[in-house]
Amino acid sequence: MLLIPCPHCGPRDETEFKYGGQAGIAYPADPDALTDAEWLDYLFLRDNPKGPWRERWVHAAGCRRWFDVTRDTLTNEFGDIGR
Amino acid sequence: MTGSRLPDGGTGIDRGQRRTFDFEGTVVSGFAGDTVASALLANGIDVVGRSIYHDRPRGIFSAGPEEPNALVQVRWAGGISEPMLPATTIPIEDGLQVRSLAGRGRLELPESGTDTGRLDALYAHCEVLVIGAGASGRRAASNARTAAGSASISMTALGIYDHGYVTAVERRPTPTTEGRLWHIRAGRIVIATGATERPIVFADDDRPGVMLAGAAATYVERYGIRPGERAVIFTNNDTTDAVTATLRGAGTDIVAIVDARRGDLVVGTTGDDAGRLTGVRIARADYRARSTAHGRPDAGADGDDLERIEADLLLVSGGWNPNVALWAHARGTLRFDERIAAFVPDRAGPHGRIEVVGAAAGEVEGLGDIGPTWVVPPPGPATDDAWATHYVDLGRDSTVQDLQRALGAGLESIEHVKRYTTIGTGIDQGRTSGVVTSAIAAAILGQDVGAIGVPTFRPPTVPVSFAQLAARNRGALADPIRVTHSHPWHEANGAVFEDVGQWKRPHHFPQAGESVDDAVLRECRAARTSVAMMDATTLGKIDLQGPDVGVFLDRVYTNTFSSLKVGSCRYGLMCRADGMVFDDGVTSRLADDRFHMTTTTGNAAAVLDHLEEWLQTEWPDLRVHATSVTEQWATVAVVGPRSRDVVAGLAPSLDVSNAAFPFMTWRDAVIAGTLGRAFRISFSGELAYELNVPTWHGLALWEAVLAAGATFGITPYGTQAMHVLRAEKGYPIIGQETDGTVTPQDLGMAWAVSTKKDFIGRRSHRRLDAQRPDRKQLVGLLPTDPRIVLPEGTQLVAPDADLTVTPVPMLGHVTSSYDSAALGRSFALALVKGGRERIGQTVLAPLVDRVVEAVIADSVLFDPENRRRDGEPQP
């Protein structure tokens, strides 16, 4: 069970959180400008790196705030925390 | 093996406290502190069970959790049964019943019928966690003492997970099942779990009487038992020196010490009719030339040079494996250490948080110069089954022959070998067989043991019951149960409940002697002809406040809400970004900056999460607050042509006329004496109201509605009638008509999808796939025989489909299906490819025992002109 550093509440057990997948996938400013393939890319295609990456969590059973954090997918060690 | 209790000694037992238990119908006597295994040994009982596949007699092989042989089923005095435990770990108690196992236990309820085991879970945090109570562990704990103090608790670590998370089980030795699962978060972990002795593999190495050497010493020292009278010791290291001395001190005659380092080997055993050890066959030095440590174990001696020594005990030591499972759980890596011929933690691992000390780190005391010896070839000429009794994993009945077969089949990864042979999958987790297996595989493949490695270690380290893992979260506490304020009335009036998410909802209210179908037909008829009432409290309700709620709702719903007038309500559809329908409900404008959203019962939490996610991560500029108020309001739906009369009686100050309180509006009102809200919305097509009052008054409102409707014969109804009434009108239920692959257009609800604004999911509706004409569309379905109610989920095929050639192309499936009082016949809703183009066509519904014909119809089968929503239409 991960110990996740909530930027608002401090370190808490993973069971208090929900996962939000890769961070930094913004809703396109003009969805109509995208081809079907580009829209599919936005909806479904995500990176899957071995090593550090940026991901989203929501402290669902705590402050209910979303935040971004860096986690090494190999070691599960957390790095920079965003808000 | 003729074990017996010594006249004195035994550091782990209390000779002042006698205990008796039942083993296979025999009363066995021992002392407090004995395990089942030690008590059996003390009483000369050496055959504990039979092996899982080969039905061979098996005895006690070890004195701890590494036991692969003596597996038993127990029933504690308190009545709880546990199906498969090593006899070497079970403390004896008066009243304990123990039965032999042939490898597999049975789950049995106590005679009382309920499991009364007291199983808890608790959570703890510490700066340093030391796992292991041996000398190294005690030393580490002593060094780690902190200002906050320390505690020593007797439990067994099950696994190490991320970020210093450790689970451990604590069992209280009482006549019942008592256990606590500890969830520990440790800043630092010291693993001091010691090492486990491993055997050497030879022919007929599984007889009762063959035992790990260290275990024999444990039985002497801890339990005051002489495990046998004439013992042969087979070893390749110095740890057996102390064992020899201990056994001699206990009066055991050590008749031979067969030291593999001198080239002497035990090649097999002999037994009596019951399979018990009676003798050991020994090959002296020159035999060794044909079975070097890493040589191919395929050359056999002819057997002429063997010596046979009578013995009732054969003590084996093939070396010691550091207990590295917990280290490996935390993804610590291992390396093969030639110095001790075993896998040890690789200190180059990335785990600053975890330290391994003592024997677990490879510092095995008294080992001396080990001569790696893994397996002794069979004596005599090579035959097909020459290796068939060289047991590697006693618990799984797996032999060298099985290993040869696996490797011969091309399985070279030790993970594949494990799965093919099942070696290491028993409850001992391969403690005695794992490294031996790798070494034999390495020898056969001509590789180094270190290159072969060992299979992945996974929690739990010792068997733990699912009940223990669940702890208190069993039975009624497995999941929260949510009930409405009116629930006591429903119970008292015979409601049959169904679970909707965590809610208990009345499914129907049967009257005396009434079937489900009759009750539902009666409830539906009341709603269509007079008046009926339903507890709708469980609907999700979300209070939305802030100046930007209107804009927000325009983005969240497929249709427009910013233009909704205060006092009005609107039905809304919600999609996810992939364009598939996610939820629906009626949302009302309470004020310019305040809306009251309703969601489906089962989806309320998911909708709130969805709103929060978009608000926080995409549109933090929007000034909107979303708060769940589901439990703040009790809701009663009053449905049917006489509902206006009922509501008029309940809320005398409310003008209920159609002009003053029209369809799709809401009003503040004093309802049954309480300030609440009345909504004129309908999920049945009938004139209907949903009355909301603060939850505190929920039951009072329910009873007031009953009283006010009494003169009209008001009829309480449940979820089944609700489903029928809405289906007659073609209203979909999200999660029943939809399954995450259905768009609003598929449901025939393009009318609820704005073309003038962007909303979540809109771009997906423009995808080519979303516009295929052969997408499954929601339609009505009328079985040709009006008495047939098709099972929900029934597949539909074309009328000319050849049912003998599979797979039969599917046209779609039935999503909802009922008998209808209003239609006087059965009907269904279905998702059918290009369904709207097929209205009027016949399809086939192949059931298990017959094929039913049905005609596709419009999804709205009752009152398609919506003439009933303001009350009984005037002719």
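Guide: What follows is a short walk through some salt bridges in chain B. Keep in mind that this is a predicted model. Over all chains, the count comes to 50 salt bridges.

Start with B:Asp259 and B:Arg261. Their side chains meet in a salt bridge, at 3.1 Å from N to O. B:Asp259 is buried, at a relative accessible area of 8%. That value is under 20%, so the residue counts as buried. B:Arg261 is partly exposed, at 30% relative accessibility.

Next comes B:Arg284 with B:Asp264. The closest N and O atoms of this salt bridge are 3.1 Å apart. The pair links distant parts of the chain, 20 residues apart. B:Arg284 sits in the loop between strand 19 (277–283) and strand 20 (306–310) of chain B. B:Asp264 sits in the loop between strand 17 (253–259) and strand 18 (265–271) of chain B. B:Arg284 is partly exposed, with a relative accessible area of 31%. B:Asp264 is buried, with 7%.

Now move to B:Asp543 and B:Arg594. They form a salt bridge, with the closest N and O atoms 3.0 Å apart. B:Asp543 lies in strand 31 (residues 540–545) of chain B, and B:Arg594 in strand 34 (residues 594–599) of chain B, so the pair ties together parts 51 residues apart in sequence. B:Asp543 is buried, with a relative accessible area of 8%. B:Arg594 is partly exposed, with 30%.

End with a network. Salt bridges that share partners join B:Arg56, B:Arg58, B:Asp204, B:Asp206 and B:Asp397.

Key: Residues are numbered from 1 along each chain as its sequence is written. Chains are lettered from A and ligands numbered from 1 in the order in which they are written. This is a predicted model: local features need pLDDT of at least 70, side-chain atom pairs count only at pLDDT 80 or more; totals for chains, interfaces and linings use all residues. Side-chain values use heavy atoms; hydrogens and water are left out. A salt bridge is a side-chain nitrogen of Lys or Arg within 4 Å of a carboxyl oxygen of Asp or Glu. Buried means under 20% relative accessible area, exposed over 50%, partly exposed in between (1.4 Å probe, protein chains only). Helices (H or I, at least four residues) and strands (E, at least two) are DSSP runs, numbered from the N terminus.
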